[in-house]
Amino acid sequence: MYAIVDIAGQQFKVKQAQKLKVHRLEAEEGKHVELDKVLLVSDGKTVSVGTPVVEGFRIAAKVIAHSKGDKVLVFKKKRRKGYQKMNGHRQAITELWIEAILGKGEKFDASKSSAPKPLAVATPAKKVKKEAAPKAETKKAAAKKTAAPKKAAAKKAAPKKAAKKAAPKKKD
């Protein structure tokens, strides 16, 4: 079963037990919201299309979190005029968990919901450095250390004589 619903001026296709990111809603995190602008409902066999909304249908959702979307860069330029302007924008969004598509006369029980809990802000744990235990050397490693002869330093070549500079020709 799916539905097309209008949320904050945009249309979304929703199913039960789905996460959805929409423009910021006024509801608090963890609260339940009912969306009543259902434009279309399909149960797999029949499709109900509203004029403009389907009467009696609504969507039960839970607000998981409020956050910001990805940064969108806006760059304006006028050729040969020396005008450039760069702006960035992050849209405020709300993450919803679609709990149920409710028909005519149906009630939603929020206590039986399987919605994920809001994300808690976790503080990073302190890193504890472990002291490295001394490694036991094997016979082969010890033999390689003592058997490797050192190479003699390379001899430097004598500097070449500087080429004689030709005197510039005089013009008459």
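Strands β1 and β2 pair up in the antiparallel sense, with six bridges between them; strands here are DSSP runs of E of at least two residues, numbered from the N terminus, and two of them pair if DSSP finds at least two bridges between them. Across this pairing, Ala3 has Val14 in β2 as its bridge partner. The hairpin has two residues between its strands, and Ala8 takes a positive phi near 55° there. Ala8 is partly exposed, at 48% relative accessible area (buried is under 20%, exposed over 50%, partly exposed in between, with a 1.4 Å probe and protein chains only).

All of this comes from a predicted model, in which local features need pLDDT of at least 70 and side-chain atom pairs count only at pLDDT 80 or more, while totals for chains, interfaces and linings use all residues. Residues are numbered from 1 along each chain as its sequence is written, and side-chain values use heavy atoms, leaving out hydrogens and water.

Most residues other than glycine have a negative phi, and most peptide bonds are trans. Arg80 has a positive phi too, near 60°, and is found in the loop between β7 and β8. With 70% relative accessibility, Arg80 counts as exposed. Then there is the peptide bond from Thr51 to Pro52, which is cis with omega near 0°; Pro52 sits in the loop between β6 (47-49) and β7.

On to the inside. Leaving aside residues up to four places away in sequence, Ile7 touches Phe12, Leu20, Val22, Leu25, Leu35 and Leu96, contact meaning heavy atoms within 4.5 Å.

Some nonpolar side chains are on the surface instead. Leu73, Phe75 and Met86 form a patch there, with about 340 Å² of accessible area together. Patches take residues with over 30% relative accessible area and no salt bridge, joining nonpolar side chains (Val, Leu, Ile, Met, Phe, Trp, Tyr) within 5 Å and like charges within 9 Å; areas are Shrake-Rupley values with a 1.4 Å probe, and for residues only the protein chains shown count as cover. A salt bridge puts a side-chain nitrogen of Lys or Arg within 4 Å of a carboxyl oxygen of Asp or Glu. Leu73 belongs to β7 (58-78) and counts as exposed because its relative accessibility is 57%.

Key
Helix = DSSP H or I, 4+ residues; strand = E, 2+ residues; numbered from the N terminus.
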